[in-house]
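Open the model in your viewer and keep the selection panel at hand.

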Amino acid sequence: MSILRIRCSPRGLESESYRLSQQIIGRLAQTGPVGGLDVVEFDATTLTHADGDYAAVLAARDEPAADVLEDGSLLASGGLIRMLDDASHIVLATPMHNFTVPSSLKAWLDHVVRVRHTFHITPQGKVGLLADRPVYVAISSGGTFSGEDARQPDFLTPYLRHVLATIGLKQVTFVAVEGTARGQDLLEAARVRALAALSGISYAAAPEEMSA
């Protein structure tokens, strides 16, 4: 069993989203199998945007011959999909940028949401091909986007819920530290709320939304 963590913040290991993801992984490890869980790391900020060859393959009616898939975004996509398929749990550590996902997370999604590999197109719409598994999204936001104190819209959580379901991942839990730019006192209060929400996370529990 392994956890795949996708890190999406330009602040890297110093980011609030990474800090929160560490706590999520800690809860999974604490309640997981005796032998422990391997954590596979991927830094999405290292990804480039999808290239022209990749776009051409996605637009093609049929999958090209295997020797076409050897470099550039096509090669990166194959590796990222294998990492995703091999993981028993997925943790996305991401900031909210301009009300939605950062460009690094969008680039990762563009590589793994791939026709004929992670979803099929049917007359009824897109059908995911990945086996469902728990996905935990650790969000940090400078402003507040949930609850009575919300001061900005949230295009991140509904988008992620929909796009992940497109490839078959429907067990999505959101945990957030909001208001990181509103002063230390409010930040500490947001951290306390997020920590309380984490008490509901366990290795075997069915995920549910826990925005703090």
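A cavity is a set of grid points where a 1.4 Å probe fits but cannot get out, and its lining residues have an atom within 4 Å of a point. Keep in mind that this is a predicted model.

**Stop 1: the cavity.** Select Arg-7, Cys-8, Ser-9, Gly-12, Ser-15, Ser-17, Tyr-18 and Ala-93. These residues line the largest cavity. About 30 Å³ of space lies inside. The structure holds one cavity of 30 Å³ or more. Colour the lining by class: three residues are nonpolar, four polar and one charged.

**Stop 2: the pocket.** Now select Thr-144, Ser-146, Asp-149, Arg-182 and Arg-193. Of the 12 residues that line the largest pocket, these lie nearest its centre. The pocket volume is about 210 Å³. By class, the lining has five charged, four polar and three nonpolar residues. Which helix gives the most to this lining? Helix H6, residues 184-198, does, with three residues.

Show the side chains in the contact. On H1, pick Glu-16, Arg-19, Leu-20, Gln-23, Ile-24 and Arg-27. On H6, pick Leu-187, Arg-191, Ala-194, Leu-195 and Leu-198. Six of the contact residues are nonpolar, four charged and one polar.

Methods
Residues are numbered from 1 along each chain as its sequence is written. This is a predicted model: local features need pLDDT of at least 70, side-chain atom pairs count only at pLDDT 80 or more; totals for chains, interfaces and linings use all residues. Side-chain values use heavy atoms; hydrogens and water are left out. On a 1 Å grid over the protein atoms alone, a cavity is a set of points where a 1.4 Å probe fits but cannot get out, and a pocket is an open set with protein on both sides within 12 Å along at least five of seven lines; lining residues have an atom within 4 Å of a point. Grid points are joined across faces, edges and corners, and a volume is the space filled by probe spheres set on the points. Ala, Val, Leu, Ile, Met, Phe, Trp, Tyr, Cys and Pro count as nonpolar, Asp, Glu, Lys and Arg as charged, and the others, Gly among them, as polar. Helices (H or I, at least four residues) and strands (E, at least two) are DSSP runs, numbered from the N terminus. Contact means heavy atoms within 4.5 Å.
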